[in-house]
Amino acid sequence: MLIGFTLGRYFAARFARTVLGVFITVFALVYTLDLVELLRRAGDAEGASTGLMAQLSLYRTPAVAEGVLPFAVLFGSMAAMLQLSRKLELVVARAAGISAWQFLQPGFFVALALGAFTVGVYNPVSAMMKQRSTEIEAKIFAKSTKASSGKDLWIRQKSLDGGAIIRAETAIEGTTTLAGVQVFTFDDAGLFVSQIVAARASLHDGYWELTDTRVLTPGSPPEAFGTYLIASTLDPSQVRQRFTPPESVPFWQLPDTIARTERAGLDATRYRLQYDVLWARPILFLAMVLVAATVSLRFFRFGGVGKLVLGGVAAGFALYVARQVMEGLGASGIVAAPVAAWFPAVVGSLLGTLTLLYQEDG
């Protein structure tokens, strides 16, 4: 039986406000910490003003905050139901003959709607903002010796010109462009030939194109070049896939990315897993509401609410761990991608439903 429209709208508004409140709080915390870290990294980097660092942090934060969305739903739902219980609103609802399943319907609706919104709108926007942030980072930090994030990229190649080891401070996602590049070249005998320092390096079919380049050769003075080419046998599709994590691909572009990767003869398992994970997100949010309900419907006058809340936090953490384990198994190919993506959401929903059935209906 469906709950009444007026009461359902009231409960839905309470759920939505608390979930959004938790998410905004976490978003602000992540933004503040990331901004402090960027200001530390910026140092004396040319053009790294406080305003630009604030803009860069704003571009980076949505992708990070997306990972805490399930916990925002969990804690927001717990807070909403505990507030309703503390104010005896749930007691009045029960006295009016409304079952737990009825007053949870607005929470289910909010979870499913929020899940659909984050998949169809929030994820594409956050992915595009993350790509934009890598471009800004490449421009600001490419020439800075103090701004490295400690996550340098290394590539080893063999070509007609001999061997080369390429080090880059960052890669612009979705492209084959590196920033803050150093190339160490060797001859066929493995002896060091030169060190090449460049602001950027872009991989094309058969060669790397380096810009703003300085070549350092033992026994010779440094030489500067606007553009410098290095032969390469690397496949641009492979390099692009390596530099573009699945989380940086917008939801609506994932099917095309999967098809393009498979046409190139590459493994698209990570992208398929990300696609299935996003499809399963509304059900995962629904599972979080069910988990929250199992620990938040106890009346305050009975006591023991604190222990139940800790139990809910533990259950949410266990579900998170199970999700990470399954995604790891799916990414490695041990478990099929659909199974790895849907298993935590489906099992969490079933366990939450079973617990509620036991609590409410005996």
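Me: At what angle do the axes of helix H8 and helix H9 cross?

Reply: Two packed helices are described by the angle between their axes and the distance between the axes. This is a predicted model, where local features need pLDDT of at least 70, side-chain atom pairs count only at pLDDT 80 or more, and totals for chains, interfaces and linings use all residues. Residues are numbered from 1 along each chain as its sequence is written, and side-chain values use heavy atoms, without hydrogens and water. Here H8 (residues 254-263) and H9 (residues 269-296) cross at roughly 160°, and their axes come within 9 Å. That makes H8 roughly antiparallel to H9 (angles over 145 degrees count as such, on a scale from 0 to 180 between N-to-C directions). Helices are DSSP runs of H or I, at least four residues, numbered from the N terminus.

Me: Which residues of H8 and H9 make the contact?

Reply: Contact means heavy atoms within 4.5 Å. On H8 the residues include Leu-254, Pro-255 and Ile-258, and on H9 they include Tyr-271, Tyr-275 and Leu-278.

Me: How far apart are the axes of H1 and H3?

Reply: The axes of H1 (residues 5-42) and H3 (residues 69-86) are 7 Å apart, at an angle of about 130°. That makes H1 oblique to H3 (the class left after under 35, over 145 and 65 to 115 degrees are taken out). Among the residues that meet are Phe-11 and Phe-15 in H1, and Leu-69 and Val-73 in H3.

Me: What is the mean pLDDT of the protein chain?

Reply: pLDDT is the predictor's confidence in each residue, from 0 to 100. The chain mean is 84, and 91% of its residues reach 70 or more. Over residues 145-150 pLDDT stays under 50.

Note on methods. Helices (H or I, at least four residues) and strands (E, at least two) are DSSP runs, numbered from the N terminus.
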